[in-house]
Amino acid sequence: MIHIQSLQKKFQNIEAVSSINLKLEEGQTIALLGPNGAGKTTTFRMLSGLIKPTSGTIQFDQVIPNSDRRHYIGYLPQYPHFHGWMTGYEFLLLMGELSGMTKADAKERAELLLKKTGLAEAKHKRINGYSGGMKQRLGIAQAMIHQPKLLILDEPVSSLDPVGRRDVLNLLKTLKSETTILFSTHILSDAEEISDYLVVMNQGKIVEQGQVHDLEKKYQKQIIKFGVDEQPEDFIQILEALPYVKQVKQERNYYYLETTDVTATREAILALVADKHLALNHFSIEKTTLEEMFLEVIGFEATIDPA
Ligand SMILES: Nc1ncnc2c1ncn2[C@@H]1O[C@H](COP(=O)(O)OP(=O)(O)OP(=O)(O)O)[C@@H](O)[C@H]1O
């Protein structure tokens, strides 16, 4: 659908996006993940034609008349601007007409989208009176008014309270079958919940990408966590020497063993505990989540240690 090659954007001496390559397939829901300043907004602004790349190309699989991407793309910026004195319905009509629709078509589409976004009852209320979640849903309706092939949403849920966030996430799930969605977030669980494909950016570069289930497989580690009341001498070295154990970490009285064979390591730990007459106060088998993958690929180091 869209093929991005060696795309770069510099602002004076800041390289906001540095030579990224990416293919977006039709029908996908793609999450662009990254910490603050990763280059997500800059990438979106280049894709939607709001700013020009310093170098590189963005190829669309369709010929876009007069290079006008507005018919092809619906865009919701991170901080959308609404005319607060207008009603939701009036605003959508205006946006529809501005995007070249006839008044009748804009009316029909506005009605449909107001229903879809759960705003039908509030359609004649002024936008100033809308909650944050309602405004965001109106923003999505506005971006969908002209039935774009690609919907780009910049951090659609990050400023919302839990209720608003849930509504918008549910709305995105219902829109998945209608259009290709590309959205940014720094919340991994949101990305996992609604997207099929993840792209992780950090410092202007794409540092990882793939189908959600492939990344889960790639990064999933098997961890055994256990706790004992007393720590025998050289215990960490003893644990590190157990077969299949790749890594041992200790946090207070808990030990975390990354292993390639959970059954064998579990047996070995239990034998060790019995042999050394230790009192076991915790034992569990855990799997790492994509959260750890995210932290690993962006090279995150905690500034504040919770211990
Ligand atoms: N117009 C601009 N002029 C100068 N620097 C800019 C401009 N826009 C973005 N930048 C810089 O480019 C880098 C990437 O910014 P961008 O807004 O694309 O990141 P982001 O991933 O969207 O971050 P956030 O999650 O905070 O929105 C940052 O260092 C930012 O300060």
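Ile224 stands opposite Leu257, a residue of strand β12. This is a predicted model. The protein chain holds 10 helices and 13 strands. Its radius of gyration is 25 Å, well over the 19 Å that the globule rule gives for 307 residues, so the chain is more spread out than a compact globule. The points below begin with the strands around Ile224 and then turn to other parts of the chain.

**Strand β10 and its partners**

- Strand β10 covers residues 222-228, and strand β12 covers residues 254-259.
- These two strands pair in the antiparallel sense, over 6 bridges.
- Ile224 and Leu257 face each other in this pairing.
- β10 is also joined to strand β13, residues 280-287.
- That link has 7 bridges, and the two strands run antiparallel.
- Within β13, Lys287 is the bridge partner of Gln222.

**Overall form**

- Along its principal axes, the C-alpha trace spans about 80 × 45 × 35 Å.
- Of the 307 residues in the protein chain, 33% count as buried.
- Take the contacts with a separation of 6 or more: residues 24 or more positions apart account for 69% of them.

- In soluble globular proteins, nonpolar side chains tend to be buried together.
- The largest nonpolar core here has 58 residues.
- Leu33, Leu92, Ala141, Ile152, Leu198 and Val199 have the most contacts inside this core.
- Helix α4, residues 132-144, gives the largest share of the core, with 6 residues.
- A second, separate core has 8 residues, including Ile224, Val228, Tyr255 and Leu257.
- Two of these, Ile224 and Leu257, are the residues that stand opposite each other across the strands.

**Strand β3, an enclosed strand**

- In β3, Thr29, Ala31 and Leu33 point one way.
- Ile30 and Leu32 point the other way.
- Strand β7, residues 180-185, runs parallel to β3, and 5 bridges join the two.
- Thr29 stands opposite Ile181 of β7.
- Strand β8, residues 197-202, also pairs with β3 in the parallel sense, over 4 bridges.
- Which residue in β8 is the bridge partner of Leu32? The partner is Val199.
- Val199 touches Leu22, Ile30, Leu32, Leu33, Ile206 and Gln209, leaving out residues up to four places away in sequence.
- Val199 is also among the residues with the most contacts inside the largest core.

**The shell around the ligand**

- The ligand is surrounded by 13 residues.
- The closest are Phe11, Ala16, Lys40, Thr41 and Thr42.
- By type, the shell divides into 4 nonpolar, 8 polar and 1 charged.
- β2 and α1 (40-47) each supply at least two residues of the shell.
- Which element gives the most to the shell? α1 does, with 3 residues.

- Most residues other than glycine have a negative phi.
- Ser6 has a positive phi of about 45° although it is not a glycine.
- Ser6 lies in strand β1, residues 2-11.
- Is Ser6 buried or exposed? With 12 other C-beta atoms within 10 Å, Ser6 is exposed, because a count of 12 or fewer puts a residue in that class.
- Ser19 has a positive phi too, of about 50°, and is not a glycine.
- Ser19 belongs to strand β2, residues 14-24.
- Ser19 has 15 C-beta neighbours inside 10 Å, so it counts as partly exposed.

**Phe82, a loop residue**

- Phe82 sits in the loop between β5 (73-76) and α2 (88-98).
- Phe82 has 16 other C-beta atoms within 10 Å, so it is partly exposed.
- Leaving aside neighbours within four places in sequence, Phe82 is in contact with Phe91, Ile127, Lys135 and Leu138.
- Phe82 and Arg166 are 84 residues apart in sequence.
- In space, these two are 22 Å apart, C-alpha to C-alpha.

How values were computed:
Residues numbered from 1 in each chain as written. Predicted model: local features only at pLDDT ≥ 70, side-chain atom pairs only at ≥ 80, totals over all residues. Buried ≥ 20, exposed ≤ 12 C-beta atoms within 10 Å, placed from the backbone. Contact = placed C-beta atoms within 7 Å. Pairing = 2+ DSSP bridges. Core = buried A, V, L, I, M, F, W, Y, C linked by C-beta atoms within 7 Å. Near = placed C-beta within 6 Å. Nonpolar A, V, L, I, M, F, W, Y, C, P; charged D, E, K, R; others polar. Rg over C-alpha atoms; globule rule 2.2 N^0.38 Å.
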